[in-house]
Amino acid sequence: MSDSIAISVNNLGKCFRVFHSPQARLLQGLIGRRRQLYQEFWALRGVDFELGRGQTLGVVGRNGSGKSTLLQMLCGTLTPTEGELSCRGRIAGLLELGSGFNPEFTGMENVFLNASLLGLKQKDIENRLDSILAFADIGEHIQQPVKTYSSGMALRLAFAVQASIDPDILIVDEALAVGDELFQKKCFARLSQLKQQGTSILLVTHSCAQIIQHCDQALLLHKGQPQLLGQPSIITTTYQQLANAPDEQWAAVIKRRQALINSQSSDPANSESNIAEGDVQNDPNLIPQSREIYPSEGIKIKSLKVESPEGRECNQIPFGAAFQLRFSYSAEPDHNPQSLRCGCHVANNQGLRITGQAFPMSGEQFIPKAGDHWDVIFSFGSGLLPGVYFIGGGVWPADQPGAFLHRVVDFCALRILRNPDSTPSGICDLSNRPAEFIQL
């Protein structure tokens, strides 16, 4: 393996034995290979990739796709069933919260224990202790048993130890998802520093924004099989489209994406020119599992659709495209006429409400009568960044904000696809004109 390669994986696979009962497991040990009393379950098979020094590989896929199995084999906590893997240098891994910690020991004792297991000598640990404690920032809790820590405190201490030993390879498996926003920011800043120092990083996350921002390449797994390996923008766009799709839809999309990846190597100018081709559509599988519909009190939200500005129902649109939300309402027979306001909101996958609108504008009146039916169309520009968003709304008396007559939360979803011609940053795009250049 070349000195410039930190990780080399060739046809890697892991098979687990699934027994129907404990007795079958015991009997298998007694009779050996003369008879097979188990079923084979391939959690991962046929994985190939190389990761260079100072590069970051993002791994995406649905739950059960084999992501954690892959990382555990790279860390050495699982033995491959087939294939070869080679890792060059010291490996640090965050596979589970508090992994490697003894819950009965104090945080301080676990720092020395964990760092020594990672290959540091006593003097080296003492020299780095101040920076570890400063990064973890858990105060006097460092002298308390780890079993008394919250998940966030355990994460802080675990990441502080792993990232402070200057590993050659750092493996992070969704661990940062539980940290608060400020700590996540500090963690990713530290990852950038390690990357500049030559550390190779494997990052498993469901956040496509993190993959695009921090990774040099990305790997898409599905049911234990590698699907695509290539540019993060292409991989994440494919993952977004297929995340809720049935298995029979995967083959056609993967074939088209693979052709696009292959075309990049022969014609770099064609890198992502067709990435959004055919993606602007209504995905019937993009249905929130967190949908909530509250009881109605005289007014009912009958339906909610995401549409293009031309009125086409379409819940997948490219970044930079406008869209509209069409709410259909009805006033039930027992409704008492009064001035109402209708509103909508758009939230991200963490529940943060990014934007919203209300009708009518403040000071105006809208008084429907019992039996009336009406639609309200809320129009939005191109401000949402790539990702999945959740749409909700409500109706309330104009003089009683928050006293909902009907309310829906996460009623439908909207996926914004990355546009290769732009490089968005932040949580939304508020720019309304190009940047100006002024010669001084």
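In what order do the three strands of the open sheet lie? The order is 2-1-4, and the pairing is antiparallel. The model is a predicted one.

**Sheet**
- Strand 2 (38–52) and strand 4 (82–87) form the edges, each pairing on one side only.
- On average, neighbouring strands of the sheet are turned by 25° against each other, direction ignored.
- Strand 1 (residues 5–19) and strand 2 run antiparallel and are joined by 11 bridges.
- Within this pairing, Cys-15 has Trp-42 of strand 2 as its bridge partner.

**Helices against the sheet**
- Helix 2 (residues 67–75) packs on the sheet, where it touches strand 1, strand 2 and strand 4.
- The direction of helix 2 makes about 115° with that of strand 1.
- Helix 1 (residues 22–31) lies across strand 1 and strand 2 and runs at about 110° to strand 1.

**Nonpolar cores**
- The largest nonpolar core contains 53 residues, and Phe-159 and Leu-220 have the most contacts inside it.
- Helix 5 (residues 151–164) supplies the largest share of this core, eight residues.
- Neighbours within four places in sequence aside, the residues in contact with Leu-220 include Val-60, Gly-61, Pro-226, Leu-228, Ile-235, Tyr-239, Trp-250 and Ile-254.
- Gln-225, Gln-227 and Thr-238 are also among the contacts of Leu-220.
- Another core, of 32 residues, lies apart from the largest one.
- Among the residues of this other core are Ile-299, Ile-301, Phe-327 and Phe-366.
- In soluble globular proteins, nonpolar side chains tend to be buried together.

Key. Residues are numbered from 1 along each chain as its sequence is written. This is a predicted model: local features need pLDDT of at least 70, side-chain atom pairs count only at pLDDT 80 or more; totals for chains, interfaces and linings use all residues. Side-chain values use heavy atoms; hydrogens and water are left out. Two strands pair if DSSP finds at least two bridges between them. Helices (H or I, at least four residues) and strands (E, at least two) are DSSP runs, numbered from the N terminus. Axes are lines fitted to C-alpha atoms, for helices over the stretch in contact, and angles run from 0 to 180 degrees between N-to-C directions. Contact means heavy atoms within 4.5 Å. A nonpolar core is a set of buried Ala, Val, Leu, Ile, Met, Phe, Trp, Tyr and Cys residues joined through side-chain atoms within 4.5 Å. Buried means under 20% relative accessible area, exposed over 50%, partly exposed in between (1.4 Å probe, protein chains only).
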